[in-house]
Amino acid sequence: MTDVALPPHRSRTRDVLGVLSKNRLAIVGLVVLLLLGVVALFGEWLAPHSPTRTNIPNRLEPPSLTHPFGTDELGRDILSRVLVAARVSLQVGFIAVGLSLAVGVTIGLVAGYYGRFVDTALMRFMDMVFAFPAILLAIAILAVLGPGIRNAMIAIGIVYTPIFARVTRGSVLSVREEDYVRASRSVGASGPRIIVRHVLPNVMGPIIVQTSLSLAFAILSEAALSFLGLGVQPPDPAWGRMLAEARGFVRVAWWMGVFPGLAIVVTVMAFNLLGDGLRDALDPRQKSVIESRGHLL
Amino acid sequence: MTAGGGEPLLAVEDLQVWFPIKGNGVLRRTAGHVRAVDGVSFTIARGETLGLVGESGCGKTTTGLAILRLLEPTGGRVRFDGDDVTGMGRRRLRALRRRMAMVFQDPYSSLDPRLSVGAIVSEPLDVHRLHTGRAARKARVGELLELVGLRPELRDRYPHELSGGQRQRVGVARALAVEPDLIVCDEPIAALDVSIQAQVLNLLDDLQDELDLTYLFIAHDLAAVQHVSDRIAVMYLGRVVEVADRARLAAEPAHPYTRALLSAVPIPDPPRERARRRIILEGDLPSPADPPSGCNFRTRCPEVFEPCPRVDPALQEVGRGTGGVPHEVACHLHGVTGTPAEAGRAYS
């Protein structure tokens, strides 16, 4: 029995990447996100013009070779502004989601593992936060904290925390009952040890998927807040703010709104495609449920 | 009382594990209880193997979990080496975890898929700070794997890369890591292929001799239990209905339920096998949320008579087996004793 040859080593990560690489849409999403990452890091160098320098004689120029996306009402190059704004959008997205990830997952782990009144108290609180419409709550938080990019991140982070708490708690409830958790308790492992070592690694799948999808929502929220003047402050470019500025010129300068709008659409779509792909790769069972529902419809 | 005489290593007295049934209302009032384990008593002597058999849902596994306090008992007492396990605080319970271990039924779910074999086997060492230091830890893990017949190189593998038999060996190695006195084996072979079952049983047997272990061996397969156990306790619907040493239980089963179980075991001898008369039990296992009055077994018993619904039978000695091991049975066929149904079942 001991002399049986071992099968070749197989890594789970590689399995997941294998499934993911067969999903063309997810790969498209991933490639777009990588490009966006490059733009976010090197936007200033890639931009053909200064994103903030005004040039009144050149105002409201339609797209041309010198200004591929045209210019705005102050003569600023829209392409440059869109490129530079990518950083702020991604930054707000990642930091805000990082915040809700850290807080939400911790709450979900504790509530799900310990159950009883800990669970009730934490989750009812999360439900309270969750009950407010996301943007409304973010506006309310910003009304208290004051506008600005840092506070926008905090506000978005708070708004998306309950989603992570719920997703995590749901998975923890099933993992908690697994025999390996019981086995760990039987040898005397403490609650925190079991949570960190056994529960967290086994609930990562849905959390990763939720992270990707939440990034899309967070970027959308940042755009909405900036549109309302609560996020990025002038003169720094932000996609949402550019839309707000374009509002008054829709009839005379369509390019002012269309290009930043497209930037938002592409980014959000890329995160969603990647998120869906990750879900299929990390949890094949969930995919089959969706497929079987499709047959019923 | 026990085979070897003296203080038993484990004594279970009137153990109860009831699960509340919650109502649907807003207040989630408790509407009743599922009596998974309802007054189980037995002892295990040091170095002995007690087999615990019964059909699915009779409370065998729950009993095992409650002994280790992986489930909180609702009543009764568990004594381990003289100490009351049921009243232990967190600290003493942690110390106890070094002396009692468990091997689980399903080797596919009892090993964390995210941890390597080495990490799984060394978790008990981490928890109890045994064999600290990288080299010592690695050596100990290798030793444990060899003890259960696995190559030490398997330490870097993940559970999904192993066969069922290999996985169960890893489960045994984890249980052995703390050098326990008692191992509760919860159907350790039920989820394995038949060809592997004997290997694991023999492994457990060898380890018992080598390491002076005491086993509580839980199974629904009477043949396997007879193979490994010194004494056997038969459970039905949350209660022990008969206890005897294995030879006597096989030769002179005293409880109608035990007789039915034994009659289902095939005999590897064609003429005798042809003569074997199976006792087929009628009906289903009653719900443990609403057990019958008096004797639990009376709804399916072929020998049911007048006192059965009236008196809840107590375990009584009906003889002695090899080495003076008492043979106890809870059945009115051997004399009506026990508590009247009204008193014993005041709640239902």
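Two residues are taken to be in contact here if their C-beta atoms, placed from the backbone, lie within 7 Å. By that criterion, the contact between the two chains of this predicted model takes 24 residues from chain B and 18 residues from chain A. The predictor gives the complex an ipTM of 0.81 and a pTM of 0.79, and the mean pLDDT of chain B is 84.

**Confidence in chain B**

- In chain B, 95% of the residues reach a pLDDT of 70 or more.

**The contact between chains A and B**

- Of the 24 residues that chain B brings to the contact with chain A, the class count is 10 nonpolar, five polar and nine charged.
- Two elements of chain B give two or more residues to the side that touches chain A, namely strand S6 (100-103) and helix H3 (117-127).
- The largest share of that side of chain B, three residues, comes from H3(B).

**Domains of chain B**

- Chain B is divided into domain 1, made of residues 10-99 + 181-344, and domain 2, made of residues 114-179, and the C-alpha centres of these two domains lie 31 Å apart.
- Where the two domains of chain B meet, the contact takes 10 residues from domain 1 and 10 residues from domain 2.
- Helix H6 (residues 194-211) of chain B supplies four residues, the largest share of the side of domain 1 that touches domain 2.
- That side of domain 1 of chain B consists, by class, of seven nonpolar, one polar and two charged residues.

**The four-stranded sheet of chain B**

- Four strands of chain B form an open sheet in the order S2-S1-S4-S5, and the pairing is antiparallel.
- S2 and strand S5 (83-84) of chain B stand at the edges of this sheet, and because each has a single partner strand, one side of each is left without a neighbour in the sheet.
- Strand S1 (residues 10-22) of chain B is joined to strand S2 (residues 30-44) of chain B by 11 bridges in the antiparallel sense, and within this pairing B:Ile21 has B:Gly32 in S2(B) as its bridge partner.
- S1(B) also pairs with strand S4 (residues 75-80) of chain B, in the antiparallel sense and over five bridges, and here the bridge partner of B:Val12 is B:Val78 in S4(B).

**The eight-stranded sheet of chain B**

- Eight strands of chain B form an open sheet with mixed pairing, in the order S6-S7-S8-S3-S9-S10-S13-S12.
- The edge strands of this sheet are S6 and strand S12 (316-320) of chain B, each of which pairs on one side only, and the twist averages 20° from one strand to the next.
- Strand S3 (residues 49-53) and strand S9 (residues 231-236) of chain B run parallel and are joined by four bridges, with B:Ala233 in S9(B) as the bridge partner of B:Leu52.
- Helix H5 (residues 164-176) of chain B packs on this sheet, where it touches S6 and strand S7 (182-186) of chain B, and the direction of H5(B) makes about 175° with that of S6(B).

**Helix packing in chain A**

- Helix H3 (residues 78-114) of chain A packs with helix H6 (residues 149-176) of chain A at an angle of about 35°, with their axes 5 Å apart, and the crossing of this pair is right-handed.
- The residues of the contact between H3(A) and H6(A) divide into 25 nonpolar, seven polar and three charged.
- H3(A) also meets helix H10 (residues 255-282) of chain A, the axes coming within 10 Å and crossing at roughly 35°, and the crossing of H3(A) and H10(A) is likewise right-handed.
- On the H3(A) side of this second contact stand A:Ile78, A:Val82 and A:Ser89, and they meet A:Trp255, A:Met256, A:Phe259, A:Pro260, A:Ala263 and A:Thr267 in H10(A).
- By class, the contact of H3(A) with H10(A) has seven nonpolar and two polar residues, and no charged residues.

Terms used:
Residues numbered from 1 in each chain as written. Chains lettered and ligands numbered in written order. Predicted model: local features only at pLDDT ≥ 70, side-chain atom pairs only at ≥ 80, totals over all residues. Domains from an automatic or database assignment. Nonpolar A, V, L, I, M, F, W, Y, C, P; charged D, E, K, R; others polar. Pairing = 2+ DSSP bridges. pLDDT = per-residue confidence, 0-100. Axes fitted to C-alpha atoms, helices over the stretch in contact; angles between N-to-C directions. Left-handed = near helix turned anticlockwise from the far one by under 90°.
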